[in-house]
Amino acid sequence: MSWFRRHPSATAYILLAPGILYLLVFYLYPTAQMFLVSLWTGSPETGYALTGNFGIYPEALAQYSEHLTRSIFYGGAATIVTFLVGFPLAYFIAFRGGRYKSVLLFLVIAPFFTSFLLRTLSWKIIFADNGLALGPLKDAGLLPDTFRLLATPTAVIAGIAYNFLPFMTLPLYVALEKIPPNLLEAAQDLYADGWQRFRRVTLPLALPGVFAGSLLTFIPAVGDFINAELLGDPRSQMIGNVIQARFLRVSDYPTGAALSFILMAAIIIGVLLYARLVGTEELTGGTT
Amino acid sequence: MTAIDVRLLEVTKSFGNGILAVDRVSLDVRDGEFFSLLGPSGCGKTTTLRMIGGFEEPTSGRIELQGQDVTWLPPYKRNVNTVFQNYALFPHLSIFENVAFGLRRKKVASDQVRQRVGEMLELVELRGFEQRRPGQISGGQAQRVALARALINRPAVLLLDEPLGALDLKLRKQMQLELKRIQQEVGITFIYVTHDQDEAMTMSDRICVMHGGRYEQLGPPQELYERPQTRFVASFLGISNLMAASSDGVSDGYAVARLRDGTEVRLPRPMVDGSHDLELGVRPEKIRLHPAAGGAETADNLLHGHVRDVSYTGVSTQYLIDLSGGGAMTVYEQNSARADGRLIHRPGEEVAVAWSPDDTFVVRSDAATAA
């Protein structure tokens, strides 16, 4: 005990050690390895050699830029949808949930008890051209016979939004729930009507939650391939589908690896721009 | 006659679970006065304040603000502002924007805003703090910002909900004086909620003592202290020695009462309302101790007993006297007389306890349990 007390910084490192070790072994090492893979040339038949072929990056970018922009667009659209659905949901649970708060929160994460893949597959069944959702509407003549949801960008974006909704809702809930009720009373006391209270107090104070929620949704959404695979068609393939295909179908490892890094770079740049835009001041509490 | 700023008529608030938080409270707050709602926690004082502010709706009754019925108006349509418990400053806004919040909502021109915020920060001595955030200032400073943020709107009435509750004792004392100064400077009616009797006594023009959702007594601090009307007020504001007695006619212009052991005690006639059973009270500092041998004036009420306990507190000496007729009395003696040779009475010593009939008061049982 006394040794730890005399060496507080050592204690900190000991506590950090498992995490650092884990990240080294399971994140940093594979990342470095993958970077080397991207610089290979060859094929599964002839074998690979590390040739330092950086040219693969502009090549891959040129070839798949369409998929990359589409992924960013789908991911962005899905993030906006989750925000529009998740914010009122989180707001309701935080301010009107009362004693049902924990039940409602449980319901938000309840879908996680089923596998991601299974949920998306059941969407495929429910929204099939003559399935549970569209069939009766078509029979009733409310929708034209040619109408379809599956194999459209709408289905992919909606699927992503559905699957990532809890990642948006929970951070928003945490941020909203933390707002002391007397701040809203103070705003009311200072002549703010309902909309102004929301605009001037609730929303600015929820901003850290908006930031966290949108990153937690956007980052995995851009790299997602399951939704595009199951709910989309060849014209709505995302960068994740390409990477998956490069690795598992055509064994073009270098291109798959290079695309992974391009995706990573694109996301990092996007997030930095976003942080600028939303105003990191709100997040750090700094003064300007 | 002074104008009435706030009038409560038979205001009652019960919460869903059948708890009666405020029970038929009627009172008038005069224009420009420092008015305190005083009572222990759960007495309904904060609920009363919140109803005046518009944050709670009364179950029944009526609230008037400068003659206008505001019972059902939302807070932002009332000409009152509140200083909240724990300040409730907006953490995402600068001190300047916190203070300017109300003016911005009222769409006051921005050069006007700048000027008035400047004046306000001057008043609360926080010039130079404009660009700080609430997280970067001390509790006392946050308190001043909260005050400035409310006062800048020039409300008819300022409501303060235990505003000094989170400050340490020294800062509290300092802020009490400052609040009083600011109130006199701006001339706005203050309604102040507190559970601290000293605080209420030092600052208020009038105090309303509340207990169990009812109001017990309303008056200037001196009147509440010298003439408490209920047992609760007598013991919540300072310490009282209470004695059960029965009324026994009139003598020499005083009403006469007999204690349980038959001792005669005299008191001012207006104190007696004709009922037979009385509860008498006298404040500890009104009592003088004499050696058992004598020395008391014959006009005084006189009881006998012996000293059980003595504690010397510097300013005064506090005695606990066991009375020979049963019961005990607390007595405070100022230590100013020590120099001329009077001694501190010692435990076990026989003493005579004397006080003037004029210092005797009569209390009712608590309003909450009676009526």
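Modeller: What follows is a set of questions about labels, each answered from its cut-off.

Modeller: First the ground rules. This is a predicted model, where local features need pLDDT of at least 70 and side-chain atom pairs count only at pLDDT 80 or more, while totals for chains, interfaces and linings use all residues. Residues are numbered from 1 along each chain as its sequence is written, chains are lettered from A and ligands numbered from 1 in the order in which they are written, and side-chain values use heavy atoms, with hydrogens and water left out.

Colleague: What makes Glu279(B) and Arg231(B) a salt bridge?

Modeller: The rule asks for a side-chain nitrogen of Lys or Arg within 4 Å of a carboxyl oxygen of Asp or Glu. In this pair the closest N and O atoms are 3.0 Å apart, so the pair qualifies. The pair links distant parts of chain B: Glu279(B) sits in strand β14 (residues 277–282) and Arg231(B) in helix α8 (residues 231–236), 48 residues apart. Helices (H or I, at least four residues) and strands (E, at least two) are DSSP runs, numbered from the N terminus.

Colleague: Why is Glu279(B) called buried?

Modeller: Buried means under 20% relative accessible area, exposed over 50%, and partly exposed in between (1.4 Å probe, protein chains only). Glu279(B) has 19%, so it counts as buried. Arg231(B) has 35%, so it counts as partly exposed.

Colleague: How do you know that Glu229(A) and Arg249(A) form a salt bridge?

Modeller: The closest N and O atoms are 3.5 Å apart, so the pair meets the cut-off. Glu229(A) is in helix α10 (residues 226–231) of chain A; Arg249(A) is in the loop between α11 (239–248) and α12 (253–278), 20 residues apart.

Colleague: Why is Arg249(A) called exposed?

Modeller: Its relative accessible area is 56%, so Arg249(A) is exposed. Glu229(A) has 34%, so it is partly exposed.

Colleague: What about Glu264(B) and Arg258(B)?

Modeller: They form a salt bridge, with the closest N and O atoms 3.4 Å apart. Glu264(B), at 39% relative accessibility, counts as partly exposed. Arg258(B), at 31%, is partly exposed too.

Colleague: How many salt bridges are there over all chains?

Modeller: A search of the whole structure finds 34. Glu125(B), Arg144(B), Glu178(B), Arg181(B) and Glu185(B) are linked in a network of salt bridges.

Colleague: What does Arg116(B) touch?

Modeller: Leu103(B), Ile152(B), Asn153(B) and Arg154(B), not counting residues up to four places away in sequence. Contact means heavy atoms within 4.5 Å.

Colleague: What makes β1 and β2 of chain A a pair?

Modeller: Two strands pair if DSSP finds at least two bridges between them. Strand β1 (residues 40–43) and strand β2 (residues 47–50) share four, so they pair, in the antiparallel sense. Gly42(A) stands opposite Tyr48(A) in β2(A). A hairpin of three residues joins β1(A) to β2(A).

Colleague: And how many helices and strands does chain B have?

Modeller: Eight helices and 20 strands. Of its 371 residues, 52% count as buried.
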